[in-house]
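User: Please take a close look at one loop in this model. Then set it against the rest of the assembly, giving the cut-offs behind each term.

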Amino acid sequence: MAKEKGAEESKVSRRDFVKGTVTGLVVGAIATGAGAAAMWPPAAPPAGVVTQTVTQAAQTVTVSAPGKPAPFEGKSITVVLHSGHFEVPWRDWYSGPIKEIFGVDLKVVGIPIGELFEKELLELSTGTGAYDLLMFSPAWMGDYVKYLLPLDDYMLKDDPAWGDIHGGFREWENTYGGKVYSLTMDGDVILLYYRKDLFEDPKEKADFKAKYGYNLALPQTWDQYNDVAEFFKRDRNGDGQTDLWGCAEQGKRGRQFYWYMLRYIAYSSPDPHLFDPTNMKPLINSPNALAALESYKRSIDLSPPGVLGFEWDELFSAFMNGSVAMMCHWPDEGKRYNELKDPLAKTPQMGFGVPPGVIKDGVLYKRSMTFGGWLLGIAKASKNPDAAYAVLRYFESPEVSLRLVTDPATGQDFFRYSHFYSPKVKAMGIPKEYLDAFEENIRLLYPELRIPGGAQYNDILDLQTSRFLAGEISAKEALDTVAKEWERITDEHGRDSQLKLYREAMGLPSL
Amino acid sequence: MNGDRRLAILLVVPTIALLLFIVIFPMIYSIYISATSFNFVHRELTKFVYADNFVRAFTDMRFLSSLRNTAVLVGVAVTVEFLLGLAIALLFLEPFKGKTIALPLLLLPMMITPVTVGYMFRLIYEVRTSPINYLIGLLGFNRNIEWTTSSSTAMLSILLVDIWEWTPFMMMVLLAGIVALPREPIEAAEVDGASGWQRMRWVTFPMLKPIVAIALLIRTLDAFKIFDSIFVVTFGGPGSATETGSFYAYLVGFRYFQMGYGSALSYILLIIITIVTTLIARRLFE
């Protein structure tokens, strides 16, 4: 009997269980709410008092007087950035001046690059207003634009030196559908780098002319690029191993499609498009697209072994350690021109240019692309848009941005005319050829795909071209598959809507 | 309700609340969105599609290819890890000089975070500076093996990473199991004249079956979910040579933001792994 009684007492009834669970949930919710309430709103900073210390002759007099309040005293702005070096200027250099000048408390949130898109979109799509200023890639504009505040009205009242931002960035990064949604903070383009010392060597010139029938020079077409790459691929020290390759590409699955796109845009000139701008049919499997892919494959075959595993670091190292004669890459190497090494060359020298193009009907068509790069925009749901714009304008101003783009620690590249022509940049000794090539690239910019689903369109292209390069499928099969998948994605998003947004992204008038 | 019962309920309630919020609710919600075309970025595209996502998965050649890659990876990796782990565990049964130092050193790989292991191997596999290629070159073979960039060796590269990292886990579980076995049946078999192999095959291994089952189940579950090393070393490439089911589901859900379809893929993977582990458990626990 005692045993049975003990067994009954240890059994928990259903009613007790439910009561206990509900109690736990309510207690948990109250605790969470109390915790959140304790942290919000943040305490307002004390009113500003300006203290001036005036030294008069032999005595020091300290005068204190109430100062003019900063325009956004008590406001708080949250800026979200790619974590790492991009955060440093905001957090360590300028949060103090921003507080002094604007009265704004700046909160800096750093997110790893792999999560930036998802986390920003989560906040934007839920409209919480948690982020005021956002750093984002131009390729994301199609997905972000409906959540961003147009800046036109602000710019009319308080010009951010808009005309000083290079035209290519203004047109292809910051503007969408005729409105301005961002300001460039990192002006990435793709430059052609080459070994100037090899190209200018008289013996190399003579040998190249004898073999190919034209002069060795910076390649103007992709066919010339492949010829030069073939020419320079050699064993220089006679050990039976190739130690110089003519070119290298960033061939790793993930974003190698950028290097295909450089060729596609040239081969599809004079009016390159990824989609027919009248009906949104993909043009990615056209004869021009096929020719571009075959040209790219030839470049890959002339690249060092393992090129299909090259990401940024591997390609950078391959060129900077002297084992590659040419490559197309972001502007970073140019600022580190004096780090170029080659154990088998006396004086390795870096040269700069625009990626090659294609000649059609006697006309040379060359383009560069806005791959990468970073923009700053204001969230529509921001609770302090005026303060956010003031901070944005300050940070993007010619004076502040000049400091950022000339400091290698920030990782930011030139994007204003004033950057290229500033005495500070001249004094840094950066080669004029680099600056000229950089500006020429901006002038020839072609935008990334900036419509909703952009990441998916791009990844399909990357996967299928990667499969072709790896020898899994033919070029035609790869591009036909891309076209078919792109049609499916377009239908999922709505063909009419995608067509309208594609035309807006490309600066075309509505149909 | 007496005090003891009340206390018992109060102690259990926080865990139940946590489970509800973190496990049960997300699971129910993910089942719901797997029946929709939910797009995280473009929610205006969301509508009920019922079983369309599941039907689509079975006509999606890329998903089917990823399942094939997963089967190869899981089958080969778990088998090799088991055999190698067992061999090393048997070695550690006998005393030898340096055993106390060797054992913790052998466990090091599984203590390193998978992402770090991935970056380490990415450097090791870099064609021109690869120490493996250098050693192969010293033996007179071709030293330019493109480990991660050739379709024929990319999967092998991922397998080597997984085997290097997780064989110590197998070794540790099997060693613990072997050491805990009763000695009497083994000694009796030895007295009866059984050879070393016969004792292993007919006495030790049958007693070890439950431990083997647990080790295989845990590793199979883990290998099925492999992600970090693929993300860092090959990103599913070259082409789609190393794209596994879990990696593809990640791309669909977190790169393309098609969370409805991604959820459906995840549930299909869940069903597959449940069937596989059930079969393993039944076979080894019977």
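Analyst: B:Phe235 is placed in the loop between H10 and H11 of chain B, where helices (H or I, at least four residues) and strands (E, at least two) are DSSP runs numbered from the N terminus. The model is a predicted one, in which local features need pLDDT of at least 70, side-chain atom pairs count only at pLDDT 80 or more, and totals for chains, interfaces and linings use all residues. Residues are numbered from 1 along each chain as its sequence is written, while chains are lettered from A and ligands numbered from 1 in the order in which they are written.

B:Phe235 has a positive phi, near 55 degrees, although it is a residue other than glycine. B:Phe235 is buried, because 23 other C-beta atoms lie within 10 Å; a residue counts as buried at 20 or more other C-beta atoms within 10 Å of its own, as exposed at 12 or fewer, and as partly exposed in between, with C-beta atoms placed from the backbone. The loop between helix H10 (228-233) and H11 of chain B also holds B:Pro238, and the peptide bond joining B:Gly237 to B:Pro238 is cis, with omega about -5 degrees.

B:Tyr50 belongs to the loop between H1 and helix H2 (52-59) of chain B. B:Tyr50 is exposed, because it has 10 other C-beta atoms within 10 Å.

A cis bond is found in chain A as well: the peptide bond from A:Ser269 to A:Pro270 has omega near 15 degrees. A:Pro270 sits in the loop between helix H11 (257-267) and helix H12 (287-301) of chain A.

In all, 34 residues of chain B are in contact with 36 residues of chain A, contact being C-beta atoms, placed from the backbone, within 7 Å. Helix H1 (3-33) and helix H11 (245-255) of chain B each contribute at least two residues to the side of chain B that touches chain A. H1(B) gives the most to that side, with seven residues. The residues on that side of chain B divide into 17 nonpolar, 11 polar and six charged; Ala, Val, Leu, Ile, Met, Phe, Trp, Tyr, Cys and Pro count as nonpolar, Asp, Glu, Lys and Arg as charged, and the others, Gly among them, as polar. Chain B is assigned domain 1 (1-29) and domain 2 (34-285), the bounds coming from an automatic or database domain assignment. The C-alpha centres of these two domains of chain B are 34 Å apart.

Strand S9 (residues 191-195) of chain A is joined to S10(A) by four bridges, and S9(A) pairs with S11(A) over four bridges. A:Tyr193 stands opposite A:Met327 in S10(A) and has A:Phe352 as its bridge partner in S11(A). Five of the five residues of S9(A) are buried, so the strand is largely enclosed by the rest of the structure. A:Leu191, A:Tyr193 and A:Arg195 lie on one side of S9(A), with A:Leu192 and A:Tyr194 on the other.

Definitions and conventions
Pairing = 2+ DSSP bridges. Contact = placed C-beta atoms within 7 Å.
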